Structures are given as structure tokens and as C-alpha cells.
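The structure comes before the notes.

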Amino acid sequence: MTNSLNFKKLITHLFVLGFGLVMLYPVVWMVSSSLKPEYLIFSDPGLWPKEVTFDNYIKGWQAVGDVTFGLFFKNSFVISVIAMLGNLVTCSMAAYAFARMNFPLKKTFFALMIFTIMLPTHVTLVPQYVIFHSLDWVNTILPLTVPKLLATDGFFIFLMVQFFRGIPKELDESATMDGCGPIRIYLRIILPLAVPALLTTAIFTFMWTWDDFFSQMIYLTSTDKFTVPLGLRLFLDSEGSSSWGALFAMSVLSLIPIMTIFFFFQKQIVEGIATTGLKG
Amino acid sequence: MFQAKKNYLIAYGFLLPWLIGLIGLVLGPMISSLYLSFTNYDLLTSPEWIGIGNYTDLFGDRVFKKSVEVTLVFVIVGVPLQLLGALLVAVLLNQKLRGLGFYRTIYYIPSLLGGSVAIAILWKNIFGLDGLINDFLAWFGIQGEGWVSNPNYAVYTLIALAVWQFGSSMVIFLAGLKQIPMELYESASVDGATAFRKFKSITLPLITPVLLFNLIMTLIKSVQVFTSAFIVSEGTGGPSNSTMFYTLLLYLKGFSYFDMGTAAAMAWLLLIFLGLLTAVVFFTSKYWVHYGD
């Protein structure tokens, strides 16, 4: 009985591990190929490079005309960090009002907030573009950051409302007795106790903004404003299939921030998905 | 009374950024895009009312029909495969396996990275003529072709990319499976139920609420797929419109041909379609979703 049970477990382990490795193979192969000399990438499909070189990284970094990938990384970081801070501040403010305060039209507003979560972004795309265009904001970071300062990611508001509701109300009440107003309760009680929800918001906002290709492509038009995804696309279009090595090298670099965040905050990320159904 | 009014003001203060965003960037634009969908508008000259012209043009447009077809194939083939993969691996991982955390990480990584331009570039390469897939097929003596450049196969390479990212659905399934009481399985074992029987009579019914959630999320995400198709087809939707996904055509209409009216009309059709789809899924769910008594 135990033997057959152990055998079954072993088979499961082998299958799960084997299948998992097959799934990861393309990514590992890309990392390995980025370290191979160009001529070996296609002739040597193995994972272990016969010859290790950093030429692809040096060549890729300088890839596009007079700007380097360093600038693309800087641009991506600036946008992602501002988006992250914007969501943290404004989504938590709105969530606090919904979770802890009373005001006219609260139910209507809450329903509207839930509605915006389901709304495909394309429905607001054209008029938003018209607005930003008329403000002369196209080819600046403003169309990518200002919406985050206006709490347009309803999903995170919802996430925080749920979390704030779990914080005991007695804490607010005793603070009110001590003469604290709503603003101090928000700053001194709710925010410090809501760190897990804030962290989830920060992580996912950063990762999604980092990977967001669509709006960055629409709003950023000159090469010096380009972010990493746009830089990669430019590289693909200009050099294309003639320099896969360098293209892979920059692709690998572009994934490093996300992978780093994942390894530091794995628990928050996996739990965030499991408990709230955030899409990956 | 005075205090209550003061607190209302403070509450609206907290809501202010969100309210400005709601009116200025969501509801306002939504209504205005409905209006623009009935106009000819190229961004430079002011919109010209043409009634339902954009809509009738779209329904007569061969490329539009193709984009609907491509997107539907992507959804109808891709979504069940993603959910099936996610559920099967979640069930395998749910049997008190050692190293669960490690396995979960392995399967989640594709979801983590999959939406990026970098992975789309990788995909373009491995499904190319000299790519990994053909190296693999060569072991079996099969001469592969350039999968991404063949109109018969290109969409399936993108489906493969979507299915590859089943990890986030799997994590959600896994969390749901952990909620199923172990006693149910134990007493079923005592009664001599086979593993398949236990899956069919215990796991499957009890996981249906999570399945419903995953189904809706995956559907909404799949209908709006963009980045992978854009990168793999280099922004063209080719070869022969075989990867012309709905959102890609919407983008091209609006931002390559500057036909903003048609782009707005496509956006509203998308909204209506997604609304109907979600409603249908919810409506039918009472026939197959099992809620605990």
C-alpha cells in the first residue's frame, strides 16, 4: 500500500517537474542564447553555450541609433514608479471613503467603481486620446501617469476596500474618542495596518505598467521618450531577424526587474492572485 | 448635524481624485466615444455626423469579419485549453506534494512574463522556420515550416502562447481546491471510490464557482489580446490577416488610418459583446455552478 502510494507520488513528481521544465525551456533557452555568439544560436539548440560571450549585450545596449537601452530603462522606471505612487495614494484615499465614511450617493459611486473594473479600456481610448492630444500631452509621460493620480484603476480600490473593511472598527472609534478626525485615522491607523494590500497594489501596478505596451505605444512617439517595450519593438523592426542574439539579450534584460520583484515578493504575489483573482 | 456635513465634505475630499478621474477619464470619454462612433472623425477636422455609417461599413468590411473570426477562434480554442491545463495541474499539485511552492513558482513564471514584448519576440523566434519547435520536430524526422508566417498556423502559435500562461488561473484553482474538505475524499475512499470518480463527483462540482470566475476573467482577457499579435505580426495582423485580432484592427483603424469614428464604433461593439458574453455566462452558470448548501 505505502509502496504503491510512494510510487504514485514519484510519478506525479516526475510528471509535474518534467512538464514544468518543458514550459520553462523557451525562457531558459532565450537566456542561454543571449550569451552565445550569433552564429551558434541556430546551429546549437542546446542550453549550455559552447562559447560564452557578452557581445550580444554590448551590441544590443547600443542598438537603436543615438540612444541606448539605458535611456529606455530610465523612462520605464520613471513611469512605473510614478504610476505606483499614484495608485497607492489615490486608490487608498478612495477606498478609505468607501470603507469607512458615509456620504450621499455612496452606493451609486460604489457601483460605478465596480463597473469601471469591468470596462474594456478601448471604450475610453479615442476620447482620452483626443483630450490628451488637445492638452498637448502626447509624447510626454503625462497620459501614462496622470490617470494613475486620478485612481482610474478601480480594481485596486476594490482590493483595498475589502482589506480596510477587515480592520477592526473599534480602533477608529477609540481614536475618535481621543479626538482624531478621519484624516488622522486614515494616516495613523488604516494605512499602517493595510501594508499587505498596499504592497500588492504597488507590486502589480509596477509590473503591469512595466509591461504595458499598448498605451505606451500610443502616447510615446519619439525615440528619446521610449520605454523598454517600445525600445524592443523598435529594435525588432529595425534590425529584425538579422540580430537575434542582441534582441534576446535586451529581452532578457527587460524581464529582470519583473523577475527580481517576483523573487522578493513571491508570497504576496501568489497570495494576491489566489485571494483576489488578480490576473497575472 | 454640522459635524455630519463636515464629514461629508471630508469624504468627498478623499474621493476627489477618483471622482475627477471617473468623470473626466471614464464616464465622459465613454459617452463621447459613443457619439464619435456615429461620426467621421480624423482628429484634425471636427467630427461630422454620419449616423450609423461606421457600423454598416464595418459589417460590410471583409477585414472586420476576419478579425471577429480570428478573435473567436482564439477564444474558443484557447480559453478551454487554458482552463483545462490550469485545473489538471492544480489537481496534481493539490495532493500534499513536497516542493509545492517550487512547482507553483515554475508554473506561474510563464504568466508572470507572458504579457511582455520580450516573450512575444521569443515566440516569433521559436515558431519561426529555424526555431526551436522545428529543431524539436527534426528529431522525429519531421520537416517543419515557418509557423508564424503561415496563415493557416499563425493564430495557433498565439493560442499556444496564451495556453502557456495558464499559471495564474492555476494558482486560483489551487486556492479553491484547498477549500474542499479532506473528509469528503477520505469517506469516498472508504466507500471504495476511484481517483477518477472522486474527481468527477467531489472535485469538479465543488470547484465550479472558481471555474466560473476563471472562465469570465480568461474570456475578458482573451477577447482583448493585443501585444503578442502585434509583435509577432510586426503590427500588420498578417500573414493575410490571419492574426488580425479585434483590438489590433481597432488600433490600426484609429491610430494608423486615423479613422477615429470607426475605432470608437469597434470599441462600443466590443463593450456590447463583452457585456452580452458575461451575461450569458452568468445566466447559464446556475445550471452548472454548484454552490454549497
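**Around S92(A)**

I listed the contacts of S92(A) beyond four places in sequence: N87(A), M160(A), F164(A), Y186(A), L191(A) and L198(A). I keep in mind that this is a predicted model.

Next I looked up where S92(A) sits. S92(A) belongs to helix α4 of chain A, which covers residues 69–100. Is S92(A) buried or exposed? Its relative accessibility is 1%, so S92(A) counts as buried, the cut-off being under 20%.

I then checked for polar partners. The side chain of S92(A) is in polar contact with the side chain of Y186(A), at 2.7 Å. Y186(A) was already on my contact list for S92(A).

I also took one C-alpha distance. A194(A) is 102 residues from S92(A) in sequence, and the two C-alpha atoms are 9.5 Å apart.

**Two domains of chain A**

Eight residues of domain 1 of chain A and 10 residues of domain 2 of chain A take part in the contact.

How much area do domain 1 and domain 2 of chain A bury between them? I get about 660 Å², with 82% of it on carbon and sulfur atoms. On the domain 1 side of chain A, the residues that lose the most area to domain 2 are M30(A), S34(A) and E38(A). Together these three make up 62% of what that side buries.

I counted zero salt bridges between domain 1 and domain 2 of chain A. Polar contacts there come to two residue pairs, both residues at pLDDT 80 or more. On the side of domain 1 that touches domain 2 of chain A, α1 (2–34) and α2 (38–43) each supply at least two residues. α1(A) gives the most, with five residues. By class, that side of domain 1 of chain A has five nonpolar, two polar and one charged residues.

**Chain A against chain B**

Last, I went to the chain interface. I find 87 residues of chain A in contact with 86 residues of chain B. The buried area between chain A and chain B is about 7,900 Å², and carbon and sulfur atoms give 81% of it.

How many salt bridges are there between chain A and chain B? The count is zero. I do find 10 residue pairs in polar contact across the interface of chain A and chain B, both residues at pLDDT 80 or more. The chain A side that touches chain B holds 64 nonpolar, 18 polar and five charged residues.

Conventions:
Residues are numbered from 1 along each chain as its sequence is written. Chains are lettered from A and ligands numbered from 1 in the order in which they are written. This is a predicted model: local features need pLDDT of at least 70, side-chain atom pairs count only at pLDDT 80 or more; totals for chains, interfaces and linings use all residues. Side-chain values use heavy atoms; hydrogens and water are left out. Contact means heavy atoms within 4.5 Å. Buried area is the accessible area (1.4 Å probe) that two parts lose on being put together, summed over both. A salt bridge is a side-chain nitrogen of Lys or Arg within 4 Å of a carboxyl oxygen of Asp or Glu. A polar contact is a pair of N or O atoms within 3.5 Å; within protein, one must be able to donate a hydrogen and the other to accept it, and residues adjacent in sequence count only if both atoms are side-chain atoms. Ala, Val, Leu, Ile, Met, Phe, Trp, Tyr, Cys and Pro count as nonpolar, Asp, Glu, Lys and Arg as charged, and the others, Gly among them, as polar. Helices (H or I, at least four residues) and strands (E, at least two) are DSSP runs, numbered from the N terminus. Buried means under 20% relative accessible area, exposed over 50%, partly exposed in between (1.4 Å probe, protein chains only).
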